[in-house]
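Please consult the sequence and structure shown here.

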Amino acid sequence: MWVRNRFYDKGLLTAVEFDLPVIACGNLSVGGTGKTPHVEYLIRLLKDQFSVATLSRGYNRRTSGYILADEHSTASDIGDEPMQFHAKYPDIKVCVGEERMLAIPQLLGDEPGTQVILLDDAFQHRSVKPGMNIMITEYSRLFTRDHVVPFGRLREDRSGYKRANCIIVSKCPPDMSLAEKAALEKEINPLPGQRLFFTTLQYGALFDMTTRQPVNVPASATVLLACGIARPEPLLEKLQQQFRQVYLLAFPDHYYYSEKDIAKIKKEREDMAGTDKMVITTEKDAVRLHLLQKDLAEQNLQIAVMPVEISFLFGEAESFNNFIFDYVVRQLPAFGQ
């Protein structure tokens, strides 16, 4: 990775640029920074004023090559995160492709009206040079304190942060103090022109995975958190604050569930004490569990989904929004004319 980055930095390898706004959202570390809700924030921010498309690699999907999502797409076709975008935001275009340099022209050929492209998890994919590079680092494991795999969780050297136009410290405590903010700003020491923001996770109301109707779970309930995500700890902590007793049934990140897993989840639920019992999962897991909708129905297993969004601390949401809008409008000079 170091040699590859040096080749790009020295111009020995060439990155392709496109004449429309391209925003990359990624991280230096291996998963778990909360990238997906940040991409969704960008989608919600931009989709009502611009024609937005997301482009992901489609990690762990069971297909290959370029695919533009349609009404028949599933998580196994395009990956769980792109499927989550597609299901939640049907008014944007969602596509996947391992080679983003080739996928972008294909996307623009299929959807020539596209105005903004959001590159999901593309911080290390340097064959495309985005106009805006957003790097996310987790509060509890800042890149400044981490090391390259296998000694830590960094995909590349810490110096990679220099490519970012914007750094976001994610999963911060909601009551983070100004003094701690100042200390982290000093530690990260952004380069001139780099913007630094702080976000926290904000969980929404539970809804039924099948019907998408609200689910009312009493605080006295016993909860089984069944999920396959990189870092379930923040959600587990949230549920432990909300419910009397919470158990974790963890699966690998991006895991595709089987019929045996559904039976295991049901048995774990049945073995829990109490009369009020509920299985809860994440939105990312829900799009994979939907592949086994028939088995869930046969097992008569209700699963509630806990949605998550991000919010900016210290009243800086408007500043971030303007930062993004300013870039997009500069790249689209004809917008509004």
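Q: Which element gives the most to the lining of the second largest pocket?
A: In this predicted model, β8 and α7 each supply at least two residues of that lining. With five residues, the element that gives the most is α7.

Q: How many charged residues does the lining of the second largest pocket have?
A: This pocket holds about 420 Å³ of space and is lined by 16 residues, with Lys171, Cys172, Pro174, Pro234 and Glu237 nearest its centre. By class, the lining has seven nonpolar and three polar residues, and the number of charged residues is six.

Q: Which residues lie closest to the centre of the largest pocket?
A: About 940 Å³ of space lies in the largest pocket. Of the 43 residues in its lining, the closest to the centre are Gly31, Lys35, Glu81, His254 and Lys284.

Q: Is Val30 buried, partly exposed or exposed?
A: The unreviewed UniProt entry includes Val30 in an annotated "binding site", and Val30 is also in the lining of the largest pocket. Val30 lies in the loop between β1 (22–27) and α2 (35–46). Because its relative accessible area of 38% falls between the cut-offs of 20% and 50%, Val30 is classed as partly exposed.

Q: Is Thr36 buried or exposed?
A: Thr36 is placed in helix α2. Leaving aside neighbours within four places in sequence, Thr36 contacts Glu81, Gln84, Phe85 and Lys284. Its relative accessible area is 6%; because the cut-off for this class is under 20%, Thr36 is buried.

How values were computed. Residues are numbered from 1 along each chain as its sequence is written. This is a predicted model: local features need pLDDT of at least 70, side-chain atom pairs count only at pLDDT 80 or more; totals for chains, interfaces and linings use all residues. Side-chain values use heavy atoms; hydrogens and water are left out. UniProt positions are given in the numbering used here, feature names are shortened, and annotations may be inferred rather than shown by experiment. On a 1 Å grid over the protein atoms alone, a cavity is a set of points where a 1.4 Å probe fits but cannot get out, and a pocket is an open set with protein on both sides within 12 Å along at least five of seven lines; lining residues have an atom within 4 Å of a point. Helices (H or I, at least four residues) and strands (E, at least two) are DSSP runs, numbered from the N terminus. Buried means under 20% relative accessible area, exposed over 50%, partly exposed in between (1.4 Å probe, protein chains only). Contact means heavy atoms within 4.5 Å. Grid points are joined across faces, edges and corners, and a volume is the space filled by probe spheres set on the points. Ala, Val, Leu, Ile, Met, Phe, Trp, Tyr, Cys and Pro count as nonpolar, Asp, Glu, Lys and Arg as charged, and the others, Gly among them, as polar.
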